[in-house]
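Here are my notes on the model, as numbered points. Please read them alongside the coordinates.

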Amino acid sequence: MIMSSRTNVGPAAPDLSNLDGSGLQVAVVASQWHDKVMNGLLAGALRGLADAGVDDPVVVRVPGSFELPVACAALADHFDALVALGVVIRGGTPHFDYVCDAATRGITDVAVRTRTPIGFGVLTCDDDAQALDRAGLEGSHEDKGHEAAQAAVATFTALSAVTASRPTQALRA
């Protein structure tokens, strides 16, 4: 069983419980490594989108976090917002640093280049326990999938409000 969304957020997370994402087209791009953690993140993201009124999000699974940016790039022009979910757990080699950096920079690049909000739900943890504690599973203290989904909707909503009220000035920035 997954805990309720508001009780399972980080201590400094904003209250996004009143989002209206109705009518938005959203895709969730989720990696497949660390199955238990990813199942929790994906369930949390889908719950977060449902809580915001988003109907029928599309789910795309990719092998790992390294593949998230290319999938987001392929989808960005076809959706109002995206949610990127993955988990990278530190091992004994620098591989962790390379994958974390590539995923973060790649997803950021896609969001900035396409102006498509992307909720960032990529866990970068020292061990399995940290990942499980953030996965939104029973006993988890946080639900980063839910948080990432709601961040994507909130960012889309905020940008839409600004561009609707001041289209010329908003586009100059």
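1. Cys100 is buried, at 12% relative accessibility. Buried here means under 20% relative accessible area, exposed means over 50%, and partly exposed lies in between, with a 1.4 Å probe and protein chains only. Cys125 is buried too, with a relative accessible area of 2%.

2. This is a predicted model: local features need pLDDT of at least 70, side-chain atom pairs count only at pLDDT 80 or more, and totals for chains, interfaces and linings use all residues. Residues are numbered from 1 along each chain as its sequence is written, and side-chain values use heavy atoms, with hydrogens and water left out.

3. How many disulfides are there? The count is zero, where a disulfide is a pair of cysteine sulfur atoms within 2.5 Å. The sulfur of Cys100 has its closest cysteine sulfur in Cys125, 8.8 Å away, and that is too far for a bond. Cys125 is therefore in no disulfide: its nearest cysteine sulfur, that of Cys100, lies 8.8 Å off.

4. Now the sheet. Four strands make an open sheet in the order 2-1-3-4, with parallel pairing. Helices (H or I, at least four residues) and strands (E, at least two) are DSSP runs, numbered from the N terminus. Two strands pair if DSSP finds at least two bridges between them. Strand 2 and strand 4 are the edges, each pairing on one side only. From one strand to the next, the twist averages 15°; axes are lines fitted to C-alpha atoms, for helices over the stretch in contact, and angles run from 0 to 180 degrees between N-to-C directions.

5. Strand 1 covers residues 26-31, and six of its six residues are buried.

6. Strand 1 pairs with strand 3 (residues 81-89) in the parallel sense, over five bridges. Val83 in strand 3 is the bridge partner of Val28, and Leu85 in strand 3 stands opposite Ala30. Five bridges also join strand 1 to strand 2 (residues 58-62), again parallel. There, Ala30 stands opposite Arg61. The chain passes from strand 1 through helix 1 (residues 35-51) to strand 2, in a right-handed β-α-β crossover. Right-handed means that, with the strands pointing away from the viewer, the path from the first strand over the helix to the second runs clockwise.

7. Next, the packing. The largest nonpolar core has 28 residues, and Val83 and Leu85 touch the most other members. Such a core is a set of buried Ala, Val, Leu, Ile, Met, Phe, Trp, Tyr and Cys residues joined through side-chain atoms within 4.5 Å. Strand 1, helix 1, strand 3, strand 4 (118-125) and helix 5 each supply at least two residues of this core. Helix 1 gives the largest share, six residues. Another core, of 15 residues, lies apart from it and includes Ala76, Leu82, Ala84 and Val110.

8. Last, a loop residue. Asp143 lies between helix 4 (128-134) and helix 5 (144-165). Is Asp143 buried or exposed? Asp143 counts as buried, at 0% relative accessibility. Its side chain reaches the backbone nitrogen of His146 at 3.1 Å.

Definitions and conventions
A polar contact is a pair of N or O atoms within 3.5 Å; within protein, one must be able to donate a hydrogen and the other to accept it, and residues adjacent in sequence count only if both atoms are side-chain atoms.
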